[in-house]
Amino acid sequence: MNSPIMIACAHGTSSVQGAAEVNALRDAIAALRPGLDVREAYVDVQQPDLVDVVAGLPEGKSAVVVPLLLSVGYHVKVDIARAVKSRPGSLAAAPLGPDPRLAALLDQRLREAGVTDRDSIVLAAAGSSNPNAAVSVEELASQLGELRSNRIVAAYGASAKPSVPDAVAMLREEAEGGAGAGESAGAVDLGGRVVIASYLLAPGYFHDQLAKAGADLVTEPLLPSPVLAEIALERYDAAVAKGREDAEAAK
């Protein structure tokens with residue numbers, strides 16, 4: 001079967017390591033699905049720009065844009081949607097998160113960092129002005145809470161509240177039994193650390209900012225991990241299947 005092209009669209013970063021991690025993710029996707037045409041695109045910072053990649057698709061060839069992003073936000077709802085609309089026959093897949101496998105990966109990163117049940121956790125996402133992004137992050141926080149007994153608070157690097165530094169300060173106050181402690185804390189005066197769980201794909205600007213937020217520990221980003229490539233292919237397959245269903249229904 002002639003499969004649509006996958007445009008694996010990332011945010012873009014000026015971090016050399018971050019860019020390499022995302023490129024490796026694309027390579028992993030291609031390795032899992034030999035013969036699939038996987039193309040590079042970005043919505044910010046890096047080239048090639050998604051709009052240009054969509055415009056340059058071969059004549060008569062369909063494509064699915066898979067957001068290498070962790071939640072629904074401006075880039076998914078506006079940038080990717082606009083690019084797909086500009087090319088008849090193109091489709092947009094869902095972003096990578098939320099997904100229970102990402103919660104399991106975060107749990108793995110926390111365990112690798114030596115986080116204990118006594119520690120409080122700030123789940124740090126990039127943030128978006130789109131309220132649906134925060135809903136996605138809160139859902140992921142709930143999934144992580146099913147795996148761990150820690151106090152977990154979702155926070156954001158930009159555009160949404162609480163900010164990561166504010167969440168760290170709040171949990172620090174709770175840990176010390178201060179004004180923020182009480183029933184809302186879930187547990188008072190645990191005496192543990194405040195840990196930031198980096199809910200980010202790869203190193204870059206937002207991950208660098210986490211080190212300045214005042215936590216005792218910051219976990220590594222989600223990449224590298226084979227689970228991201230598996231989820232990306234599932235998002236692609238789901239979009240292709242829905243596209244075919246919609247085409248049949250329109251007949």
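What volume does the largest pocket have?

The model is predicted, so local features require pLDDT of at least 70 and side-chain atom pairs count only at pLDDT 80 or more, whereas totals for chains, interfaces and linings use all residues. Residues are numbered from 1 along each chain as its sequence is written, and side-chain values use heavy atoms, with hydrogens and water left out.

**Exercise 1. Describe the largest pocket by volume, lining and residue class.**

Step 1. The volume is about 840 Å³. On a 1 Å grid over the protein atoms alone, a pocket is an open set of points where a 1.4 Å probe fits, with protein on both sides within 12 Å along at least five of seven lines; lining residues have an atom within 4 Å of a point. Grid points are joined across faces, edges and corners, and a volume is the space filled by probe spheres set on the points.

Step 2. The lining holds 36 residues, and those closest to the pocket centre are His11, Leu69, Ala126, Leu200 and Phe206. The elements that give two or more residues to this lining are α1, α3 (74-85), α5 (131-145) and α7 (205-210). Helices (H or I, at least four residues) and strands (E, at least two) are DSSP runs, numbered from the N terminus.

Step 3. By class, the lining has 21 nonpolar, 15 polar and no charged residues. Here Ala, Val, Leu, Ile, Met, Phe, Trp, Tyr, Cys and Pro count as nonpolar, Asp, Glu, Lys and Arg as charged, and the others, Gly among them, as polar.

**Exercise 2. State which residues line the second largest pocket.**

Step 1. The volume of the second largest pocket is about 170 Å³.

Step 2. Its lining consists of Pro4, Ser62, Ala63, Gly89, Leu91, Val240, Gly243, Arg244 and Ala247. Helix α8 supplies the largest share, four residues.

Step 3. The classes in this lining are five nonpolar, three polar and one charged.

**Exercise 3. Characterise the packing of α1 against α8.**

Step 1. The axes of α1 (residues 16-32) and α8 (residues 226-250) come within 9 Å and cross at roughly 65°. Axes are lines fitted to C-alpha atoms, for helices over the stretch in contact, and angles run from 0 to 180 degrees between N-to-C directions.

Step 2. The crossing is right-handed, a term for a near helix turned clockwise from the far one by less than a right angle.

Step 3. Leu25, Ala28, Ile29 and Leu32 of α1 make the contact with Leu228, Ala229, Glu230, Ala232 and Leu233 of α8; contact means heavy atoms within 4.5 Å. These residues divide into eight nonpolar, no polar and one charged.

**Exercise 4. Determine how α4 is oriented to α5 and to α8.**

Step 1. Helix α4 (residues 100-112) packs on α5 at an angle of about 60°, with the axes 9 Å apart. That angle makes α4 oblique to α5. Angles under 35 degrees count as roughly parallel, over 145 as roughly antiparallel, 65 to 115 as roughly perpendicular and the rest as oblique.

Step 2. The crossing of α4 and α5 is right-handed. On the α4 side, Pro100, Leu102, Ala103, Leu106, Asp107 and Leu110 meet Leu140, Gln143 and Leu144 of α5. The contact comprises seven nonpolar, one polar and one charged residues.

Step 3. For α4 and α8, the angle is about 170° and the axes are 10 Å apart. The pair is therefore roughly antiparallel. Arg101, Leu102 and Leu105 of α4 touch Val227, Leu228, Ile231, Glu234 and Arg235 of α8, giving five nonpolar, no polar and three charged residues.
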